[in-house]
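Open the model in your viewer and keep the selection tool ready.

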Amino acid sequence: MTSRILLIEDDPRLAAMVAEYLGGAGMRVATAASGEAGLAMLASEPVDAVVLDLMLPGIDGLEMCKRLRAQVSAHADVPVLMLTARGDAADRVLGLELGADDYLPKPFEPRELLARLRAILRRGRGATARREVLRFGRLEIDLAAREARIDGEPRAMTSYQFALLTAMAQHAGRVLTREQLMDQVKGEPLEAFERSIDVHISRIRHAIENDHRNPRRIITVRGAGYVFAKAQDQ
C-alpha cells in the first residue's frame with residue numbers, strides 16, 4: 001500500500017529534495033510551505049503521516065502538533081515526524097510532549113529520514129489496527145472514542161472503569177485476578193489497593209448489565225477474580 005505523506009516545510013529546495021527521495025521510495029508526497037497551508041491540505045485529503053518542520057512562518061511546528069493532537073481533531077492519531085534545526089533539547093522534548101512521534105535534527109541523511117518515517121508508519125498502522133469497536137451482543141466498546149454503549153446508547157463510567165471494562169473484554173473468557181486487572185490499567189490514576197477493583201466492577205455492572213445483582217456479562221469467580229463472559233446475547 002502506498003503511504004501518503006504530507007511534508008510541511010518552508011524551504012523549497014529541501015522540500016523538493018525530500019519529496020523526490022520519498023517518492024523514489026514508493027511514497028506519495030504532498031508538500032505545504034506553511035502550517036496554515038498544511039492544515040488546509042489535511043482538511044481536504046487524509047494522510048498516513050506528517051513530516052513537520054519546527055520552524056515555520058505563521059503557525060509553527062509546535063502549534064501544528066498541538067492542533068493535530070487536539071481531541072476534536074480528525075487527525076489526532078496521524079503519526080508526526082518533526083524536523084528541527086534548533087539545537088536546544090528543550091524544543092525537541094516539547095515537540096514530543098505535544099504529540100510528535102519522533103524528531104530528526106537538520107541537517108539529516110535522507111536514508112535516516114526514510115527509516116524513521118517507515119518506523120512511525122508501522123507503529124501508526126499497529127495503533128489503527130487496535131482502534132476498533134469490540135462487540136458483544138448489545139454491548140459495544142469503542143476503543144477510539146473510549147465509550148461503552150448498549151444498543152447504541154452511551155453508558156456513563158469513569159476513565160478507569162472504561163479501562164477495566166476494556167481489559168476484561170480483550171481477555172474475554174479468561175479469569176483475571178484483581179492484581180492482573182490493576183496491572184492492565186496501571187496507567188490510569190487510582191488508589192492502589194486491590195479491593196477498590198470490586199467497587200469499580202460493581203459500577204460497571206450497573207452501567208452495562210440488565211440486572212447488576214445477577215450479572216451475566218462480568219462474572220465473579222470466587223477466590224480467583226473476574227471473567228468477562230465471551231458468548232452472551234444480552
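**Stop 1: a glycine in a strand.** Select Gly-225. This residue sits in strand β12. The model is a predicted one, so treat each stop as part of a prediction. Is Gly-225 buried or exposed? Gly-225 is buried, because its relative accessible area is 3%, and the cut-off for buried is under 20%.

Now show what surrounds Gly-225. Leaving aside residues up to four places away in sequence, Gly-225 touches Val-175, Leu-176, Thr-177, Ile-219 and Thr-220. Pick Val-175 from that list. Gly-225 and Val-175 lie 50 residues apart in sequence, yet their C-alpha atoms are 6.3 Å apart in space.

Stop 2: Select β10, β12 and β11. They form an open sheet of 3 strands, in the order β10-β12-β11, with antiparallel pairing. The edges are β10 (175-176) and β11 (218-221), and each of these pairs on one side only. Strands of a sheet pair through backbone hydrogen bonds. Look between β11 and β12: 4 bridges join these antiparallel strands. Which residue of β12 is the bridge partner of Ile-218? The partner is Phe-228. Keep both selected.

Stop 3: In soluble globular proteins, nonpolar side chains tend to be buried together.

Zoom in on Ile-141. Not counting residues up to four places away in sequence, its contacts include Val-133, Leu-134, Phe-136, Phe-162 and Leu-165. Glu-132 and Glu-147 also touch Ile-141.

**Stop 4: one face of a helix.** Select helix α4, residues 89-97. Which residues of α4 are buried? They are Asp-91, Arg-92 and Gly-95. Look down the axis of α4: the buried residues fall within an arc of 100 degrees, so they line one face of the helix. They pack against α3 (61-68), β4 (80-84) and β5 (102-105). Step just past the end of α4 to Gly-99. This glycine takes a positive phi of about 125 degrees.

**Stop 5: two parallel strands.** Select β4 and β5. They pair in the parallel sense over 4 bridges. Find Thr-84, which stands opposite Pro-105 in β5. Asp-102 and Leu-104 are on the covered face. Tyr-103 and Pro-105 are on the uncovered face.

**Stop 6: confidence.** Color the model by pLDDT. The average is 84, and 86% of the residues score at least 70. Where is confidence highest? Look at helix α1 (residues 12-24), with a mean of 96. The lowest mean, 75, belongs to α4, the helix of Stop 4. Now select residues 189-194. Here pLDDT stays under 50, and the model has 10 contacts beyond four places in sequence for this stretch.

**Last stop: the whole chain.** Clear the selection and zoom out. The protein has 8 helices and 12 strands. Of its 234 residues, 43% are buried. Among contacts with a separation of 6 or more, 54% join residues 24 or more positions apart. The accessible surface comes to about 12600 Å², and carbon and sulfur atoms account for 50% of that.

Methods:
Residues are numbered from 1 along each chain as its sequence is written. This is a predicted model: local features need pLDDT of at least 70, side-chain atom pairs count only at pLDDT 80 or more; totals for chains, interfaces and linings use all residues. Side-chain values use heavy atoms; hydrogens and water are left out. Contact means heavy atoms within 4.5 Å. Buried means under 20% relative accessible area, exposed over 50%, partly exposed in between (1.4 Å probe, protein chains only). The arc is that of the directions from the helix axis to the C-beta atoms. Accessible areas come from the Shrake-Rupley method with a 1.4 Å probe; for residues, only the protein chains shown count as cover. pLDDT is the predictor's confidence in each residue, from 0 to 100. Two strands pair if DSSP finds at least two bridges between them.
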